[in-house]
Amino acid sequence: MLIVADENIPLLDAFFGDIGEIRRVTGRTLSREQVQDADILLVRSVTRVNRELLEGSRVRFVGTATIGTDHIDLEWLQARGIGFAAAPGCNATSVAEYVLSVVSLFAERRGLDDWTSLTVGIVGVGNVGGQLAQCLERLGFEVRLCDPPRQEREPGAELPFVSLAEALECDVVTLHTPLTRHQPHATWHMVSDPELALIGADQLLINGGRGEVVDSEALMRRLEQADAPLVALDVWEHEPGIRPDLVDKVWLATPHIAGYSLEGKMQGTEMVYRALCQFLGLPIRKKAGQFLPEPAVSKVSFTSSAEEDEAIRTALRVCYDPRRDDARLRLAMRGNPEQRAVAFDRLRRDYPVRRECSSLKIQLKGTSKSLQDGFRALGCKLKI
Ligand SMILES: NC(=O)c1ccc[n+]([C@@H]2O[C@H](COP(=O)([O-])OP(=O)(O)OC[C@H]3O[C@@H](n4cnc5c(N)ncnc54)[C@H](O)[C@@H]3O)[C@@H](O)[C@H]2O)c1
Ligand SMILES: O=C(O)[C@H](O)[C@H](O)COP(=O)(O)O
């Protein structure tokens, strides 16, 4: 059995080595010829999987080790009877930690002693937005949730949903919707001139979903105005050929790596492996956890002198500080368009190991219960 797989999927040999022969390919440039004789295709988000790629091939199962599926023509796969699996929720914790870290930097920039005084509007309350909301609420933030599809599906739900306009009133607005083009709730350019006009200079807009959810022309126009909001973009229209002038204008610019914790990537591989085993009728023998290496930083201690917010933010940034990715992306924006696109993908391919807060043991001596609860909200292991 031939498995054609994106070389950026971690642990390919460990998970799939005894299922078939693996041919590693560059996901961005995968061609019909490369996939023609494959039985199984494993991709990440940079490969468009559709009729143009697969017509006439032997492929009978496609797996994407990602949450998003907007790069896959699901209808065509279904019509052809080709098996499919994605990895819902695999890197939700990683994205939530990215957002928390960005919010912590925003609070510092605003000179806030208490970061939980910020209100946070979450647009798209699925695996990522839901996990983020839960964590923020446990930390003591006021959160507003906007998810019209869920609001319709769950009319009697306990969760109070707000409109997009109401979410846009929050100090921080963070986008976690999929990219969709079908009405009534299409997200393509969901945030454009009218929505951007609703957020002002003391607010922060984060996009951790898909680049095309925000109209980048409109965003450029808004960022040229004196009362423009701060913006943190992890995802961009037209990746990898993103606009350097937009990178210049946004406050925090990262190369679509919010979900790039090692745990998140490895879980993505495991989920596709499990689905493939089921598809082929094979036993499931492996788990991502068995391959997780020891983290570079494994323990952090705080004493009774630790200031609560400060301690939580320190631990968060031990795991992930987006400023390093921001600096690298800005450097990568030198050169001509082709060089910039290559550099964008290289930053993603050669991404350093990043671990989630769950990899961190926190030792607390004489600290308050609320500080302990804060670390629990982050998923850290506690030693009290
Ligand atoms: N930046 C990254 O690295 C990264 C990582 C993971 C996922 N993502 C993106 O984030 C998206 C969300 O991930 P998830 O795991 O939470 O997906 P999910 O499917 O679990 O949740 C998405 C939620 O968005 C809601 N939604 C759909 N249309 C909406 C609209 N018009 N307005 C408001 N809400 C709407 C859905 O009802 C759903 O509850 C993914 O589809 C993917 O594109 C990005
Ligand atoms: O949808 C997802 O899971 C994320 O956007 C994912 O982290 C994207 O990473 P890529 O597949 O482009 O490596």
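**Salt bridges, pair by pair**

Tutor: Arg-349 is partly exposed, its relative accessible area being 46%. The model is a predicted one, and in it the side chain of Arg-349 meets that of Asp-350 in a salt bridge, with 2.9 Å from N to O. Asp-350 is partly exposed as well, at 45% relative accessibility. The word "partly" applies because a residue counts as buried under 20% and as exposed over 50%, with partly exposed in between. As for the pairing itself, side chains of opposite charge can pair when their charged atoms come close.

Asp-193 and Arg-221 form a salt bridge through their side chains, at 2.9 Å from N to O. Asp-193 belongs to helix 9 (residues 193-197) and Arg-221 to helix 10 (residues 216-223), so this pair ties together parts that are 28 residues apart in sequence. Asp-193 has a relative accessible area of 35% and is partly exposed; Arg-221, at 41%, is partly exposed.

Arg-24 sits in strand 2 (residues 21-25) and Asp-13 in helix 1 (residues 12-16), so the parts tied together are eleven residues apart in sequence. Arg-24 is partly exposed at 43% relative accessible area, and Asp-13 is partly exposed at 48%.

Salt bridges can also link up into a network, as they do for Glu-108, Glu-310, Arg-313 and Arg-317. The count for the model comes to 24 salt bridges.

Conventions
Residues numbered from 1 in each chain as written. Chains lettered and ligands numbered in written order. Predicted model: local features only at pLDDT ≥ 70, side-chain atom pairs only at ≥ 80, totals over all residues. Heavy atoms only, no water. Salt bridge = Lys/Arg side-chain N within 4 Å of Asp/Glu carboxyl O. Helix = DSSP H or I, 4+ residues; strand = E, 2+ residues; numbered from the N terminus. Buried < 20%, exposed > 50% of the residue type's maximum accessible area, 1.4 Å probe, protein only.
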